[in-house]
Amino acid sequence: MGFDEMDVDTIWMDGEFVDWEDAQIHVLTHGLHYGSGIFEGARCYDTENGAALFRWEEHLERFYQSAKPYELEIDHTKAELTDATKTLIRRQDLASCYVRPIAFYGYDSLGVSPDGCPTQTAIAVWPWGAYLGEDALENGIDVMVSSWRKHASSQIPTNAKTTGLYVNSMLAGEEARRNGYAEAIVLNKEGNVAEGPGENLFLVRDGEIYTPGLSESILDGITRDAVITLAEDLGYTVHDDVSISRGELNTADELFFTGSAAEVTPIRKVDNVVVGDGSRGPVTEELQSTFFEVVERRTDKYDEWFEYV
């Protein structure tokens, strides 16, 4: 669904609410030419207690932390961004939506150095269902290991959610889709599993759960962290600081992706090799059902994860 088909009409930009079609920047904006921006992706869920932002505080914290390596000064407080986001959701009468804050170096000069360029900040919200499709949540997806590698933290900060770095994700994802797969898995420079283009990866073997550690060039996913917490509270042993070889993908009992957009999505095949019995495994199913029980507020647990609109 394109934006023009969605019932959204307002974006917050630099402290003001503007019409959707008027939320524009100059063609010589530094962030457009050099990818010098940072962003977040969060969700607001339609819960039994009303619309609620999921782990908003953690998303905002990562937003400001992502800005640090680039000396990007965000000219708005967390409280201002929170108020703007809630107002956007209420003004457009959205019960659930995706939330995209972004900050970037704006228009002034066009040298590689952003010196003199102002920081611009914007927030948009829009309806967005299952990122990889509703069917994917139940039946899983087919993925391929991409020929593109994830950059190392010694090259570019891997734990900053930087706009320009998602060219890497786009290349990997489009390669997969051209070859008939729904998504990619990206290896790091050592050849170990890093993550998906926009997701963290989990592996299940003999009832225990494994996920690559931060040293494997992954983004420290907020949904990843939530799923680790849920799994441990359900009694699972979680190894969250491991290296996973490419070959282990083929012998896993279960694999699944997590992410703000992907939520908890099972992986059915890797490079046409069937994972487990080729369907959503029992551990994935339990974690997925628990995750949705939590985000839809059908349980009183984890209330601290929610910011009500």
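**Figure 1. Buried residues of helix 2 in the predicted model**. Trp56, His59, Leu60, Arg62, Phe63, Tyr64, Ser66 and Ala67 are the buried residues of helix 2. The helix contains 12 residues, which at 1.5 Å a residue should span 16 Å; the C-alpha atoms at its ends lie 17 Å apart, so the two values agree. Helix 2 covers residues 56-67 and supplies at least two residues of the lining of the largest pocket.

Figure 2. When residues up to four places away in sequence are not counted, Thr85 touches Leu53, Trp56, Val99 and Ile123. One of these contacts, Trp56, is also among the buried residues of helix 2.

**Figure 3. The largest pocket and its centre**. The space in the largest pocket amounts to about 730 Å³. The pocket is lined by 39 residues, of which Lys161, Tyr166, Pro197, Gly198 and Glu199 are the closest to its centre. By class, the lining consists of 14 nonpolar, 15 polar and 10 charged residues.

**Figure 4. Elements and domains that line the largest pocket**. Domain 1 (3-126) and domain 2 (134-296) each contribute at least three residues to the lining. Helix 5 gives the most, with 8 residues. The elements that each supply at least two residues of the lining also include strand 6 (97-105), strand 9 (183-187), helix 6 (222-233) and strand 14 (254-259).

Conventions: Residues numbered from 1 in each chain as written. Predicted model: local features only at pLDDT ≥ 70, side-chain atom pairs only at ≥ 80, totals over all residues. Heavy atoms only, no water. 1 Å grid on protein atoms, 1.4 Å probe; cavity = no way out; pocket = protein on both sides within 12 Å on 5 of 7 lines; lining within 4 Å. Points joined across faces, edges and corners; volume = space filled by probe spheres on them. Helix = DSSP H or I, 4+ residues; strand = E, 2+ residues; numbered from the N terminus. Nonpolar A, V, L, I, M, F, W, Y, C, P; charged D, E, K, R; others polar. Domains from an automatic or database assignment. Expected span 1.5 Å × (residues − 1). Buried < 20%, exposed > 50% of the residue type's maximum accessible area, 1.4 Å probe, protein only. Contact = heavy atoms within 4.5 Å.
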